[in-house]
Every structure is written in C-alpha cells, then in structure tokens.
Amino acid sequence: MTADSTQIRVMGQNLKLKGRLKSYMKLPLWLTILFAALTVWIWYLNWRAGILCAVFVAVYFAAVWFTWRRSCHVILNEMIDFATHYGTVQRRLLEEFEVPYALLDQNARLMWANHRFNEIAGKTKSHHPSIASVFPQITKDRLGREDRLSIKVTKDERIFRASVSKVYFSDVLDKSTGLESSDPDQYLTVIYLFDETLLNRYLREKQEMQMVPALVYIDNYDEVLESLEDVRQSLLVALVDRKVNKYFSERGGLVKKTENDKYFVVFPHKSLDEMARENFSLLEDVKSLKVGNEMSVTLSMGIGSVSDDYAKNYGFSRMAIDLALGRGGDQAVIKTKEKTYYYGGSNRQVDKTTRVKARVKALALREIMISRDKFFVMGHHIADIDSFGAAIGIFCAARQLGKRAQIVLENVNTTLRPFRECFSPENGYPEDMFLSCEEALEQVNSQTALIVVDTNRPSYTECPDLLSRARTIVVFDHHRRGEDVIKNTDLSYIEPYASSACEMIAEVLQYFDEDIKLSSTEADAIYAGILMDTNNFVSKTGVRTFEAAAYLRRCGAETTRVRKMMRNDMNAYRARAEAIRHTEVYRGAFAISICPADNIESPTVACAQAANELLNIIGIKASFVLTEFKGRIYVSARSIDEINVQQIMERLGGGGHLNSAGAQLTGYTLLEARQTIENTLDEIMEGGIK
C-alpha cells in the first residue's frame with residue numbers, strides 16, 4: 001500500500017457520510033423497526049411464532065448494525081480512492097488536452113496550465129508569472145472589465161484567439177456539500193487558446209488574390225494627338241498602350257482597351273498596396289513619353305475596393321474615376337470601405353482648348369430653363385465677386401428666355417457691396433431680384449429649379465436646406481470635387497481647368513443664345529469675378545480665360561470701372577498690411593500669418609488678399625493666412641507652382657485648386673489652427689508630397 005493510499009484511508013476515518021448516501025446506508029436499520037412492529041403483531045396472534053420472529057429480528061438487527069459500523073469507513077475510503085483516481089484522470093486529460101488551457105487567479109497570475117499552454121508560453125523563472133509577461137495584450141485591467149471576452153494575441157509569429165471567461169466560486173460550490181465562499185465575487189479566470197495562424201494566413205491570401213476592378217482614362221487624348229503629325233499619332237498611342245499593359249501585367253493584372261482613350265483593368269488586391277506605396281508610378285511614366293508632342297500625356301485612374309461583390313466594386317470604380325476627372329485628372333483615386341484616397345494630381349492641369357463641353361452644357365441648361373418657370377441662383381456662403389458674377393450671368397440667361405430668376409444672397413460684404421448696389425430698381429432691375437435664405441425656403445416649390453454656382457459642396461452653399469427641397473438642381477463650379485459633393489443633380493458642370501466660375505458662365509452664355517445681350521453693369525460683374533480669381537490675370541489663366549474676358553469686353557465691361565469698384569477701404573488695407581508685417585516663415589518656405597478682424601466688415605477678403613501678396617516674397621513657396629469670423633477660423637492658402645495647397649487644405653476639411661485653396665475650421669483658436677497647419681505641413685513634407 002502506498003503512502004498516498006494510507007493517507008487517503010486516514011482521511012476517510014475522519015469523514016462521515018451525509019445526504020442521500022447516508023440515508024441509503026441506514027435504510028436496513030430503519031427496516032428493523034418495521035420488523036419489530038410485525039413481530040409484536042405476530043406475538044399477539046401466536047406467541048410461539050412471535051418468539052421465533054423476535055429471534056430473527058434480533059439477529060437481523062445485529063447483522064445490519066455490525067455491517068453498518070464495519071463497512072461505513074471502508075465505503076468512504078473506496079469512494080475517496082475512486083474520486084482521487086478520477087480526479088487524476090481528469091487532470092491528466094486536461095494536461096494532455098490539445099487545446100492550450102490555463103487558470104489565472106484574480107491578480108492575473110498563472111496558477112496552472114496544461115502542456116500545450118506551457119509549450120506556447122515557454123518556461124519562466126517565476127513560479128506564478130503574470131499572464132501579461134507571456135501575452136502583453138492580456139492585462140489585469142482588461143480581464144477585470146468583462147466576464148467573457150475574446151482577445152487576439154501573438155506569440156513567436158503565431159496568432160491566437162484567447163477565449164477568456166470567469167468562473168465564480170459561488171457558482172461552482174454546491175450547497176449540498178455544505179461549503180460556500182466567503183466572498184461572492186471571488187473567481188478564477190479560464191483561458192483557452194485557439195491557433196488562428198493558418199486561418200489568418202488563408203484569409204489574407206484570399207484578400208490578396210481578390211480581383212480589383214479599375215478604370216484608366218487618358219485625360220487629354222484629343223489635345224495631345226492634335227499637336228502631332230498623323231504618322232506619330234499611332235506611335236504615341238501604341239507607346240501608351242504598352243506602358244499601361246506592362247505596368248499592370250507585371251502586377252498580375254489584365255488590361256482590356258474599351259475605347260481609344262479608356263482601359264478596363266483587373267488585378268489582384270495585393271498589387272493595390274504595392275501601387276499605392278509607389279504613388280502609382282504609371283502616372284509619371286506616361287508623362288515621359290515624347291514623340292514630338294509638346295503636351296504630356298496624363299492618365300486618371302479610378303479603383304473600387306469596397307466588398308467581395310465585383311459588381312459593387314466596379315460601381316465604386318466608376319465613382320472613383322468620375323471623382324478623379326472632376327478633380328482635374330492626372331491622379332488615381334481609390335474608394336475603400338473606410339474612406340477615399342487620392343494619389344497624384346500635384347501638377348497644374350493642362351488647359352482644355354476645346355469648347356465642345358461648354359456648348360453641350362449650355363444647350364442642356366437651356367433645355368432645363370425652358371421646362372421650368374422659376375429659378376433660384378445660389379452661390380457659396382459669404383459670397384465673393386466670382387459667385388456673385390456667375391449668379392448674374394445665370395440671371396441674364398433666364399431673362400433671355402423670359403423666365404424669372406432670383407439670387408439667394410444673405411450677406412453683402414464691403415467688396416461685394418458696390419456691385420450689389422448696381423442692380424437696384426432704379427437701374428431697371430426687379431425689387432425681388434435678391435432674396436434671403438428664409439424667403440427662398442418659403443417660396444420654393446416643385447416647379448422651382450435651383451442653380452448653384454462657384455461651389456459643389458452642400459455645406460458651403462448659402463442655404464443648404466434648399467438642396468433638399470428643390471427637385472431640379474444644376475451645378476456650375478470650377479473647384480475640384482471632393483467626397484462631399486452635391487448629389488442628385490440634373491446638370492453638373494464642374495471644370496477644374498477653368499480659372500473661375502465667371503469664366504465658365506461667360507462661355508456658356510456665348511452658346512446659350514446667339515442674340516443674348518448683356519448690359520455693361522452685368523458684364524462688369526462677370527468680368528470682376530474673373531479678375532479676382534485670377535489675381536488680375538496672374539494665376540490660373542489660359543487661352544479660354546482671355547477669350548471669356550474679351551467676350552465680356554465686347555459686351556461693355558470696363559476695366560477702369562471694375563477696378564474702382566474693387567478697391568478696399570482703409571481699415572481693410574491696414575489689416576492686410578498688418579498680416580504681412582507679422583508673417584513668420586515656417587521651414588524656410590511657408591509664410592504663415594494671422595489677419596486681424598477688428599473693425600473690418602469682410603476679414604475673409606483681406607485674408608485672401610494678404611495670402612496673394614505674400615507670394616511676392618522671394619523664397620516663399622506657399623502662404624497661409626488665418627482670420628476669425630463669426631465663430632470660425634478661415635484659412636486662405638496660396639502657392640505659385642511648387643506646392644499643391646489644395647491637398648493641404650483637404651486634410652483640414654477644405655479644398656480648392658492646386659495654387660488657390662481654403663478651409664473653414666470650427667472648435668479651434670487662431671493659435672491652435674496655426675499649429676494644426678504647421679503639423680500638416682510637417683506630415684506632407686516628411687512624406688515627400690508636393
């Protein structure tokens with residue numbers, strides 16, 4: 001007999017039976033009472049039989065009593081021995097269990113673990129190491145928050161899912177045992193580890209091999225070919241085809257040319273990350289193709305990677321290519337589940353010399369105006385001369401068709417006031433030509449068409465609520481498209497190549513009606529919009545800009561008269577000078593300043609003018625001027641050609657053009673906004689993005 005068995009039997013001598021087992025063992029003793037009663041009854045009937053029964057009962061009772069006294073401890077010892085062997089079997093089964101298993105105390109220390117768990121955790125010097133020393137992802141605080149949780153952990157390049165649960169003593173201890181826990185919140189923590197290394201690898205491989213659709217367009221196909229001889233045109237097209245096919249075939253993709261300037265591409269998802277890291281080098285490779293063409297070939301790419309549904313991904317790739325073209329082309333746009341990513345688009349857009357698109361849009365606008373009786377024209381919040389001039393142009397187009405158009409204009413700043421005063425009833429214009437946002441909301445009906453100019457973002461419009469009430473919406477804008485764009489439009493003409501919204505409207509008016517007439521006042525307003533957005537024809541000007549200006553001059557626009565109306569008052573001039581005086585140069589190339597808003601009716605105008613002035617300083621690549629107006633921080637960003645300020649402002653929630661952009665910040669002080677701009681510049685410059 002072993003020492004353990006002897007100890008178990010000694011323990012059995014100090015134990016007693018209880019519960020159902022005790023009742024079962026005492027049942028024969030209780031039966032003697034029944035036999036005794038039966039003996040008395042038999043004695044009453046026959047005393048000789050009664051004596052015999054009494055002797056039998058006495059012998060039975062003695063035998064039962066002897067058996068009870070002798071067998072009780074033996075049964076207890078055998079039960080303990082069975083339980084011990086059973087527990088040993090259970091422990092051995094747990095130790096050899098294929099699933100890693102461990103018990104933790106309330107301090108997140110390992111109390112016991114099976115062989116599989118120890119193989120993963122490795123040997124530790126501490127007798128009871130903390131679980132955090134084995135798996136840093138599992139901490140005491142995290143274990144204490146929930147009764148059940150699943151945690152992803154890693155060990156030696158293996159990935160495990162840790163299933164953690166609490167076992168409370170009060171739930172384990174049975175009341176029939178007579179034991180209970182003094183602390184009802186006392187518990188042990190049980191951890192199971194499930195190896196998901198292969199599962200994650202297979203899922204990753206499945207994701208990497210998923211085919212991603214993409215659309216690739218040549219932005220300036222017609223313009224480039226027009227500048228080449230017929231013999232070289234086919235050569236250039238062949239070189240572009242070769243570049244596109246080679247780029248995607250090296251990454252496991254297939255290319256199908258659907259039109260002369262359009263390609264449909266599918267490639268594995270794993271190649272998407274590689275192309276993104278390279279900033280889609282195909283965009284720059286194609287620009288290097290020269291066979292006598294002065295104009296570089298540029299591409300736009302739209303990629304959709306949203307779900308496992310190929311049809312849905314293709315739909316998002318179409319949305320992405322529209323976004324890329326709406327932002328000026330020469331870039332790649334990726335639409336994923338989380339957000340939209342932009343690559344490229346840092347170079348200045350090549351001006352479109354053809355006006356076919358303007359003619360098509362003009363005819364489409366005419367058809368819409370013929371089918372409607374009433375029009376509201378709306379620009380962006382805090383209207384400037386460009387949005388005002390464009391709205392005047394739409395007013396003239398409606399008047400030509402005998403239609404009624406009204407301009408939604410909430411506030412008039414000092415720069416805009418001289419032009420606004422020209423359109424008074426004394427000068428022959430309707431009294432209700434201009435109306436407030438509240439008036440527009442009251443008068444809008446199912447037959448009212450809403451025409452938005454100089455913005456394509458719903459939140460930037462003068463009255464965003466009008467967009468949800470109008471059934472017919474038309475948009476004319478020259479800013480690059482972003483994710484937040486006016487939807488459900490009947491006609492959208494967004495042309496980032498244009499210098500201003502007034503330039504676009506001037507082109508549209510020329511094709512709208514051959515007999516359309518503009519007064520000198522109306523021509524002045526539209527001409528002033530072009531003049532302001534091009535900074536007196538210094539920036540963003542092209543052939544079509546001067547053609548639009550020439551058309552307006554023929555209509556009676558007078559440069560001297562416009563210049564007089566665009567002059568600033570003394571306070572605004574002083575504020576602009578103060579902003580320039582306190583300018584600080586950041587990283588040796590960025591001029592950052594704060595424009596004071598005290599005693600100025602339109603600080604945003606002075607802010608933009610100061611940003612333009614700062615570009616005249618040698619060595620300044622971009623300028624950023626901030627001002628506070630009506631609880632918001634307005635940022636005006638300008639550059640000449642080296643820095644894409646539009647990308648910088650997009651990171652702050654704004655937008656604009658490559659060399660002229662802006663943003664509106666809420667919840668910032670001026671100093672906090674300035675620090676945010678500096679941090680954004682650090683991120684962009686360290687990333688090597690221009």
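Which helix gives the largest share of the nonpolar patch? Helix α4 (residues 47-95) does, with four residues; helices (H or I, at least four residues) and strands (E, at least two) are DSSP runs, numbered from the N terminus.

This is a predicted model, in which local features need pLDDT of at least 70 and side-chain atom pairs count only at pLDDT 80 or more, while totals for chains, interfaces and linings use all residues. Residues are numbered from 1 along each chain as its sequence is written, and side-chain values use heavy atoms, with hydrogens and water left out.

**Stop 1: the nonpolar patch.** Select Trp43, Trp47, Ile51, Val55 and Val59, which together have about 500 Å² of accessible area (Shrake-Rupley method, 1.4 Å probe, only the protein chains shown counting as cover for residues). Patches take residues with over 30% relative accessible area and no salt bridge, joining nonpolar side chains (Val, Leu, Ile, Met, Phe, Trp, Tyr) within 5 Å and like charges within 9 Å. Trp43 sits in helix α3 (residues 27-45) and is partly exposed at 44% (buried is under 20% relative accessible area, exposed over 50%, partly exposed in between; 1.4 Å probe, protein chains only).

Stop 2: Select strand β3 (residues 148-155): Leu149, Ile151, Val153 and Lys155 make up its covered face, and Arg148, Ser150, Lys152 and Thr154 the uncovered one. Eight bridges join β3 to the antiparallel strand β4 (residues 158-168); strands pair if DSSP finds at least two bridges between them. Val153 has Phe160 as its bridge partner. Between the strands are two residues, and Asp156 takes a positive phi near 55°.

Stop 3: Select Arg161 and Glu196, whose side chains meet in a salt bridge at 2.8 Å, N to O (a side-chain nitrogen of Lys or Arg within 4 Å of a carboxyl oxygen of Asp or Glu). Glu196 is in the loop between β5 (187-195) and α9 (197-209) and Arg161 in β4, so the pair ties together parts 35 residues apart in sequence.

**Stop 4: a helix-to-helix pair.** Select Glu522 and Arg399, a salt bridge of 2.6 Å, N to O. Glu522 lies in helix α21 (residues 520-533) and Arg399 in helix α16 (residues 385-400), so parts 123 residues apart in sequence are tied together. Glu522 is buried at 1%, whereas Arg399 is partly exposed at 37%.

**Stop 5: the open sheet.** Six strands with parallel pairing follow the order β14-β13-β12-β15-β16-β17. Select β14 (434-435) and β17 (491-494) at the edges: each has a single partner strand, so one side of each lacks a neighbour in the sheet. Ile407 has Phe434 in β14 as its bridge partner.
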